[in-house]
Amino acid sequence: MHRWRAGFMNELSLILYRKKMVAFLAFSVILPILLAVSLHALQPLLGLVAVSQSFPIQMLSIYTVIWIPLFILTMTADLFPSEVAARTLKLAFLRPNTRFQVFCAKVAALAVGIGALLGLLGMVTFICNVFAGTALSFSEGMSVFKAYVAAFVAMVALSALFVLISQFFKSASGFMVSAIILDVALKISPFLWGAMSTFSPTSYTDWHMLWMSHTVAVGKLWSTSLYLLSSCVLFFTLGYYIFDRKEV
């Protein structure tokens, strides 16, 4: 456990020191503030509600569709194919860690990065609500918290899928292009084959909205939760299977 923790902290430090990560964190803070200020400025002209109680959920829906999937692709490319191409992955194997520990440390660091983006977004939008005079009540806050936790589970399942796909590539650019094409194809596929929306993790980027609805059956929420958790385990296992046999 001590060796895994050391490897995890090393991966986390590498992510935090990357300029891309800093850019992602900075943008995640600046965008909600800019939107809140813009809406507030336009309110007298267009009669728009500056920042309503649904502002954290509106921002979450934008981030889980575009921003966080882009973050997952970028970080996954850096953690796996890029390290294979730069031969730094070989150095990780020289440490007194098993391949399973190295793989787990990278996946856990990616999950922490996703959680950090969501936590930062939630905190900034909450502050925007306070300054706009539309602070959430306790029950509304708990409902928003529940939606953010649901979004985290969906994003981790999506990251597990892309970690699996990244094991087939030895260059970051090749992985990025292929993953973006696959992501677009998976998003279009439900229009051609309706059942695909049930089985594709890319169809659950707005899954948190179901947790906000009072008309969705509890059984459906739990069955979907189990499917996403099962997807995490399945993609993680397959990803590690390939990673363990990878020649670097």
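Analyst: Helix α3 passes helix α8 in a right-handed crossing. The model is a predicted one, and the values below are computed from it. In this pair, α3 covers residues 55-79 and α8 covers residues 172-192. Their axes come within 9 Å and cross at roughly 150 degrees. An angle over 145 degrees counts as roughly antiparallel, so α3 is roughly antiparallel to α8.

Which residues meet where α3 and α8 touch? From α3 they are L73, T74, T76 and A77. From α8 they are A172, F175, M176, A179 and I180. Sorted by class, this contact has 7 nonpolar residues, 2 polar ones and no charged ones.

The axes of α3 and α7 come within 10 Å, and the crossing angle is roughly 25 degrees. Angles under 35 degrees count as roughly parallel, and therefore α3 is roughly parallel to α7. This crossing, of α3 past α7, is right-handed. On the α3 side the contact is made by P56, I57, L60, T64, I68, P69, I72, L73 and T76. On the α7 side it is made by V144, A147, Y148, A151, M155, L158, S159, F162, V163 and S166. The classes here are 15 nonpolar, 4 polar and no charged residues.

Two residues of α3 link these contacts. L73 and T76 are listed in the contact with α8, and L73 and T76 are also listed in the contact with α7.

Helix α7 leads on to the largest pocket. About 300 Å³ of space lies in this pocket. Of the 15 residues that line the pocket, those closest to its centre are G122, M123, V144, F145 and Y148. V144 and Y148 also belong to the α7 side of the contact with α3. The elements giving two or more residues to the pocket lining are α6 and α7, the latter covering residues 138-166. The largest share, 7 residues, comes from α6. The lining as a whole divides into 10 nonpolar residues, 5 polar residues and no charged residues.

Helix α6 has a packing partner too. It covers residues 99-131, and it packs against α11, residues 218-244, at an angle of about 130 degrees, with the axes 10 Å apart. That angle makes α6 oblique to α11. α6 passes α11 in a right-handed crossing. The contact is made by R99, F100, V102, F103, C104 and V107 of α6, together with F236, G239, Y240, F243 and D244 of α11. By class, it has 8 nonpolar residues, 1 polar residue and 2 charged residues.

Technical notes:
Residues are numbered from 1 along each chain as its sequence is written. This is a predicted model: local features need pLDDT of at least 70, side-chain atom pairs count only at pLDDT 80 or more; totals for chains, interfaces and linings use all residues. Side-chain values use heavy atoms; hydrogens and water are left out. Axes are lines fitted to C-alpha atoms, for helices over the stretch in contact, and angles run from 0 to 180 degrees between N-to-C directions. Helices (H or I, at least four residues) and strands (E, at least two) are DSSP runs, numbered from the N terminus. Angles under 35 degrees count as roughly parallel, over 145 as roughly antiparallel, 65 to 115 as roughly perpendicular and the rest as oblique. A crossing is left-handed if the near helix is turned anticlockwise from the far one by less than a right angle, and right-handed if clockwise. Contact means heavy atoms within 4.5 Å. Ala, Val, Leu, Ile, Met, Phe, Trp, Tyr, Cys and Pro count as nonpolar, Asp, Glu, Lys and Arg as charged, and the others, Gly among them, as polar. On a 1 Å grid over the protein atoms alone, a cavity is a set of points where a 1.4 Å probe fits but cannot get out, and a pocket is an open set with protein on both sides within 12 Å along at least five of seven lines; lining residues have an atom within 4 Å of a point. Grid points are joined across faces, edges and corners, and a volume is the space filled by probe spheres set on the points.
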